[in-house]
Amino acid sequence: MLEILIFGAVTGAIYAMLAVGFTLIFGVARVLNLAHGSFYALGAYGAYALTSSAKLPLWLAAIVTVAAVALFGVVVERVFIRPMRTSQLAVLMISLAVALVVEQMLFLVFGSEYRNVPSFVDTKVSIGGVDVAGQRLLALVVSALAIGALYLFIQMSRLGSAILAISQDPEAAQYMGIPSDRIFSLVMALSAALAALAGIMAGPFLSVNPSMHLLPIVKAFAIVVVGGLGSIPGSILAAFMLGYAETLVAYLGSSSWTEIVSVLATLLMLVLRPAGFFGRRAAF
C-alpha cells in the first residue's frame with residue numbers, strides 16, 4: 001500500500017504539471033493545443049542534448065531548456081495559433097501539424113533510439129521499507145513547487161489578475177484595457193514551460209523517444225475532461241486520481257493495462273458528467 005501511495009503520487013505529480021499547462025491555455029485562450037505534448041518532448045530532449053553535447057551542468061541545462069521551450073511556445077501561439085483562434089477546428093489542425101513537425105525533427109536529429117536523460121539525484125531513498133529513486137521524489141517536490149508558484153502568481157500578481165479577468169470575460173477585459181494578445185502569449189509560455197519541466201523531471205525514469213509527445217497529450221486531455229475544462233483545481237485532482245488508478249492497475253494486474261485507464265475515464269466522464277468534476281465555470 002505504501003508503495004502504491006508513493007509511486008501514485010509521483011505519477012500524479014507529473015500528470016498534474018502536464019494537465020495544468022494544458023488547462024491554463026484552454027481556460028484563457030479557449031483553444032485545445034495538440035502541440036502541448038511536443039513541449040514535454042522538447043524538454044526531455046533539450047536536457048539530454050545540452051548535457052551530452054554542450055556539456056552543461058544539468059541544472060543549467062534545465063533552466064536553458066525551460067526558457068527555450070517557453071519561447072518556442074510563444075512563437076507557436078503568435079505565428080500559428082493566433083491567426084486561427086476564431087476556429088477551434090483550425091487550431092486543432094494547426095497545433096497537430098506543429099506536433100508532427102516537431103516529432104519528425106526529433107527523428108532527424110536524434111534518430112529513433114531511446115535516449116537517457118541524466119538524473120538530478122542518483123541515490124535511492126528508503127521510505128517505510130520502500131526503496132524509491134531520489135529522482136522520482138524530486139519530481140514530486142518540483143511539481144508541487146511549480147504548481148504552487150503558478151497559483152500564487154495568478155492569485156497575487158497584476159499579470160495574474162489580468163489572466164483571471166480574460167479567463168472570466170475576454171470582451172470585458174479588453175474594454176478595461178487589458179492587452180489580451182500579450183496575455184495569451186504569456187499563458188502559452190507558462191504552459192510550455194510547465195510541460196518542458198515535466199519532461200525534464202520525468203525523462204530519467206520514463207522513455208525518451210521522438211514519439212513521446214503522443215501519450216502526454218492523451219493523458220492531459222483525459223485529465224482535463226475528468227477535472228473539467230478550464231479548471232486548474234479539477235485538473236490537479238484528476239491528475240492524482242489518474243496517477244493512483246494507473247499505479248493500482250499496474251500492481252494488481254499488468255502495466256500494459258495502464259494506458260486503458262485514461263481512455264476509460266474519459267469515456268465514462270463524457271457519458272456521466274460531460275462538464276467534469278468542476279466544470280468550465282470553476283476555472284482558477
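**Helices, cores and pockets in a predicted model**

Colleague: Which residues of α4 are buried?

Modeller: Val91, Ser95, Val98, Ala99, Val102, Glu103, Leu106 and Phe110 are the buried residues of α4. Buried means under 20% relative accessible area, exposed over 50%, and partly exposed in between, with a 1.4 Å probe and protein chains only. Helices are DSSP runs of H or I with at least four residues, numbered from the N terminus. This is a predicted model, in which local features need pLDDT of at least 70 and side-chain atom pairs pLDDT 80 or more, while totals for chains, interfaces and linings use all residues. Residues are numbered from 1 along each chain as its sequence is written, and side-chain values use heavy atoms, without hydrogens or water.

Colleague: What covers the buried residues of α4?

Modeller: The cover includes α2 and α3 (58-81), judged by contact, that is, heavy atoms within 4.5 Å.

Colleague: How many residues does helix α4 have, and how far does it reach?

Modeller: Helix α4 (residues 88-110) has 23 residues and reaches 33 Å from its first C-alpha to its last, close to the expected 33 Å. The expected span is 1.5 Å times one less than the number of residues. Just after α4, glycine 111 has a positive phi of about 80 degrees.

Colleague: And α2, how many of its residues are buried?

Modeller: In α2, 13 of the 17 residues are buried, so this helix is largely enclosed by the rest of the structure. The end C-alpha atoms of α2 (residues 36-52) lie 25 Å apart, which agrees with the 24 Å that its 17 residues should span.

Colleague: On to loops. Where is lysine 55?

Modeller: Lysine 55 sits in the loop between α2 and α3. Its phi is positive, about 60 degrees, although it is not a glycine. Lysine 55 is exposed, with a relative accessible area of 65%. Arginine 30, in the loop between α1 and α2, likewise has a positive phi, near 60 degrees.

Colleague: Which residues have the most contacts inside the largest nonpolar core?

Modeller: Met17 and Ile183 do, in a core of 67 residues. Such a core is a set of buried Ala, Val, Leu, Ile, Met, Phe, Trp, Tyr and Cys residues joined through side-chain atoms within 4.5 Å. Helix α8 supplies its largest share, 13 residues. A second, separate core of 6 residues includes Phe22, Phe26, Leu32 and Ala220.

Colleague: What does methionine 17 touch?

Modeller: Leaving aside residues up to four places away in sequence, methionine 17 touches Ser143, Ala146, Ile147, Leu194, Leu197 and Ala198.

Colleague: Where does the largest share of the lining of the second largest pocket come from?

Modeller: It comes from α5, with 5 residues. The space in the second largest pocket is about 220 Å³.

Technical notes. 1 Å grid on protein atoms, 1.4 Å probe; cavity = no way out; pocket = protein on both sides within 12 Å on 5 of 7 lines; lining within 4 Å. Points joined across faces, edges and corners; volume = space filled by probe spheres on them. Helix = DSSP H or I, 4+ residues; strand = E, 2+ residues; numbered from the N terminus.
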